[in-house]
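Visitor: I have a structure open and would like to go through a few spots in it. Can we start?

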Amino acid sequence: MVLNYILRRKKHYTVIVCILFILFFRNWFSGWIFCTDGRHSGKSLADHSSLLSSKQDVDFAMHTLKNKSLMTRNNKSIENSEDFVVFDSVLQMPSVLHILPQLANKECREPAIHLTGNRRHASFVLGVPTVKRKKESYIYRTIRSLVSTMSPSELADTLIVIYIGEKDEVARKQLVSELSTAFDSYVQNGLIDIIAPPACYYPDFNKIPANLGDKRVQFNWRSKQNLDFAYLMMYATGRGKYYVQLEDDIIAADRFINSMEVFIQGQNPDWFLIWFSQLGFIGKCFKTSDLPFFVNFLYLFYKFKPCDWLLDHAIYCMTGCSFNVKKQICARERRALVKHYRPPLFQHIGKFSSLDGKIQRLKEKHFVQSQKKDLYIVHQNNPPANVSTSITVKDRHTLQQAYIGNTFFWGVKPIKGDYIKFQFNPPVKLKQVVIDSGNSQHPTDLLTDAKASILKAGLDDNLDNYQTISNFVHGSIRFQFTAHKISFVISAFRIDFLQNAKSWTLIKEIFFEAV
């Protein structure tokens, strides 16, 4: 109560934030480093999920750390064992366990989901947090936009981390299944990592007093978002040079990676933050070496303010700004740390927020829309095949013309039982297949409620002999045969519609890569 009252006083807030942060930051990782082993005696700290719920919780966490310190030194598992003496002292040094005591349990720190191609040392790590949305999902359009605007060399030097901040296990598994199916080839080649923290990573937000006049649901949502960003940033720290925070409902400008790289190269190396978008936390770029600093800040104040407010306060603490410093000096120091790129490289496209009931209409006024028509993607090296379909074709947009790269396939509303078939002549071994639907002119003409199947060479061509390899998720599949250990020769590839379609179907990309 007292702390909340003081923090509400605008006159003293920033000074107090700076003092508290300096005191905590110096020895933060001294406490965190002891959490490398998930074993501990006594009762589990997962039961102590409330933030500083009682002195007993903190004492228990610190007692556990002290035992770990003594055990580590006795086992001589680390050369500089003097670093672990801190908890033998009469001083009780601050650590992450003062904030989130449940994290002493390794199971509450390690990802519950971790799909990765083990890409390291990327130039840019793009963080895309997402949850299961009740009304409309934008994540698939977001990922496709990011990928489609990169060059081949940029695709090989970038890591996109999709963070699933879903506490419900059923919803989390469903999201993982859909995302890993839709972007299978990107996961396999290292472009995309998919991670999700365990449910016990989060405290019980309902036990934390709400502030700022927010309703309980809004307070829980923004507090959880701070912890989501912190986890995502920790994961990104060792995987690239720069980290860009994005959201799951944005699109990117053409060659945005190149634009960011050129702009960064022209800056003084002492910068801390670059704004590649003016909206909220979208497009905020850090050096990954600076992320631990801000992660600490997020953990320390996650329940007090939204993430973009905390970012502003952190920058304020890094400058000489205070009530007795001239505004001109403060502004100069801030300009040295924070850079702005214009025009913005990202546009917010979502209407329905991940916070239930919230409508989000924010738009970048000066965003330059992609000039690429993107009506279809040409692949003229598909293996020879006889193609057929039961779907009524619109004008000249036939399946044959789409297969050889002359146009896109466009069919009138498919019904249950309709099919699209590629009969390879001769049969081939496949490395991957990409089928993508919808384009910039007809974004809703997606191939949905359908499955993809293959026929092994030598078997009779009847439905019972086809092997299903994937369902279509939000209009596309990207399937790696080698990654799924399918090495036999394939004579046919078939798409079957499982339900009546709600719209026409437009297939803009058909690509079969032979071994």
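Visitor: Where does R239 lie?
Guide: This is a predicted model. In it, R239 sits in the loop between α9 (216-237) and β5 (240-245).

Visitor: Is R239 buried or exposed, and which side chain of opposite charge is nearest?
Guide: R239 is buried. The cut-off for a salt bridge is 4 Å, between a side-chain nitrogen of Lys or Arg and a carboxyl oxygen of Asp or Glu.

Visitor: Which residues does R239 touch?
Guide: Leaving out residues up to four places away in sequence, R239 touches H114, R119, R120, H121, A122, V125, L159 and D193.

Visitor: Back to α9. How do the axes of α9 and α11 cross?
Guide: Helix α11 covers residues 291-301. Its axis and that of α9 come within 9 Å and cross at roughly 160 degrees. Angles over 145 degrees count as roughly antiparallel, so α9 and α11 are roughly antiparallel to each other. Their crossing is left-handed.

Visitor: Which residues meet there?
Guide: From α9, the residues include F229, Y231, M233 and M234. On the α11 side, they include L291, P292, F294 and Y299.

Visitor: New topic: P203. Where does P203 lie, and why does it count as buried?
Guide: P203 is in the loop between β4 (192-196) and α9. Its relative accessibility is 3%, and buried means under 20%, so P203 counts as buried.

Visitor: What separates the C-alpha atoms of P203 and S223?
Guide: They are separated by 9.9 Å, with P203 and S223 being 20 residues apart along the chain.

Conventions. Residues numbered from 1 in each chain as written. Predicted model: local features only at pLDDT ≥ 70, side-chain atom pairs only at ≥ 80, totals over all residues. Heavy atoms only, no water. Helix = DSSP H or I, 4+ residues; strand = E, 2+ residues; numbered from the N terminus. Buried < 20%, exposed > 50% of the residue type's maximum accessible area, 1.4 Å probe, protein only. Lys, Arg positive; Asp, Glu negative; His and termini not counted. Contact = heavy atoms within 4.5 Å. Axes fitted to C-alpha atoms, helices over the stretch in contact; angles between N-to-C directions. Parallel < 35°, antiparallel > 145°, perpendicular 65-115°, else oblique. Left-handed = near helix turned anticlockwise from the far one by under 90°.
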